[in-house]
Amino acid sequence: MQLRLAAAAAATAVVLSLLLLPSSTDAHNITHILEKYPEFSTFNHYLTVTQLSPEINRRETITVCAVDNAGMSDLLSKHLTLGAIKNVLSLHVLLDYFDAKKLHQITNGTALAATMFQATGSATGSSGFVNITDLKGGKVGFGPQDNGGVVSATFVKSVDAIPYNISVVQISSILPSPEAEAPAPGPSQINITALMSKHSCKVFAETLLASAAEQTFEDNVLSGLTVFCPGDDAMKSFLPKFKNLTAAGQQSLLEYHGIPIYQSLPGLKSSNGLTNTLATDGASKFDFDVKNDGTDVTIVTKIVTAKIVDTLVDDQPLAIYQVDKVLKPLELFKGALPPAPAPAPAADSPKPSKKKHKSPPAPAAPSDSPADAPDGDVADQTAADKDSAGRFHGGRFAAIVLTLWFAFLQL
């Protein structure tokens with residue numbers, strides 16, 4: 001009997017541990033990691049403008065050797081091209097996991113690490129490798145191979161780590177590399193509206209060109225941008241309502257159709273959930289949910305559900321998808337939500353009088369937007385979603401425990 005109890009307890013513990021394990025699909029975000037540390041703001045900025053951030057985020061085992069703002073000032077004083085700055089920073093991204101403990105326990109005291117610069121194919125010979133050396137006195141040195149492997153920077157501290165996914169460490173200075181610093185072309189300029197006009201989003205593109213929102217899209221394209229462009233028919237039918245919005249509301253609605261990261265279609269399918277947009281700003285949420293509907297990907301606001309019907313552009317750092325509806329944020333169309341149904345009368349409540357009384361008409365519900373109330377379906381409320389999710393997880397937990405118990409009774 002004791003053996004049966006022990007077996008059942010062990011099985012239950014295993015299942016519970018599996019339920020509590022974090023999802024392996026949780027991705028890291030180097031921008032979000034570094035933005036908590038003002039001393040790395042310049043380094044973080046250039047990871048973004050050189051488009052290295054999304055490349056780092058896609059890697060599963062990686063070490064970022066960050067330098068502080070003073071170290072970046074030394075690099076910027078060389079007046080390198082943006083392409084050369086990208087190569088130099090690529091040399092600071094090691095394609096292996098090194099946290100503080102591993103750095104101080106390097107086998108035989110030295111290790112040769114490949115970098116993202118070497119992976120690009122731009123580096124020749126051994127110039128894309130960094131030599132890591134465990135020095136005396138507890139110090140760890142870093143030296144690029146094309147600089148003779150001479151130690152040119154030392155380990156300062158561990159900044160953040162997600163074992164064994166990403167480690168961010170601070171090193172004392174920029175790693176010098178003649179090959180990485182050689183002139184290189186920077187990211188090319190991309191004309192977003194021209195790309196949309198060539199396909200089936202000409203009306204949205206023309207509307208964007210006439211708005212200050214166009215600059216917001218342009219400012220984000222080099223660091224990564226995904227656009228959900230309503231097709232011409234959907235945009236044409238929405239234009240009367242669009243024109244009724246204030247200038248600020250028009251800008252917010254257009255910016256609501258973009259997210260400030262590059263997302264391929266497989267990426268959207270694997271990273272469902274609440275997503276910020278270009279219009280997101282502090283208390284103004286302006287977010288939506290990305291969900292899968294069978295093989296389709298849908299964008300769900302609290303007002304409409306739009307489906308991705310075509311991929312117009314998918315070339316990092318830009319992706320443009322055509323959607324079948326205009327995305328309408330709750331912040332601009334609060335009056336579109338239907339009123340809550342009146343509660344049903346209790347069984348023992350008194351019957352209403354047969355006398356007819358003319359009641360004054362109920363006042364119209366106030367709207368926070370000058371736009372007409374949009375048509376389309378309304379998404380479930382957030383509270384209901386959370387309650388449903390809670391019942392699902394609670395039910396799944398109870399089902400697993402009952403299954404284990406019945407298995408134990410059969411022993």
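Guide: Asn44 counts as buried because its relative accessibility is 9%, where buried means under 20% relative accessible area, exposed over 50% and partly exposed in between, with a 1.4 Å probe and protein chains only. This is a predicted model, in which local features need pLDDT of at least 70, side-chain atom pairs count only at pLDDT 80 or more, and totals for chains, interfaces and linings use all residues. Residues are numbered from 1 along each chain as its sequence is written, and side-chain values use heavy atoms, with hydrogens and water left out.

Asn44 belongs to helix 3, residues 41–49; helices (H or I, at least four residues) and strands (E, at least two) are DSSP runs numbered from the N terminus. Setting aside residues up to four places away in sequence, Asn44 touches Ile30, Thr31, Leu34 and Glu35, contact meaning heavy atoms within 4.5 Å. His32 is twelve residues from Asn44 along the chain, and their C-alpha atoms are 9.3 Å apart.

Ser167 counts as buried because its relative accessibility is 0%. Beyond its neighbours within four places in sequence, Ser167 is in contact with Ile62, Thr63, Val64, Tyr97, Phe98, Asp99, Asp160 and Ala161. Val64, in turn, stands opposite Val93 in strand 2.

How values were computed: Two strands pair if DSSP finds at least two bridges between them.
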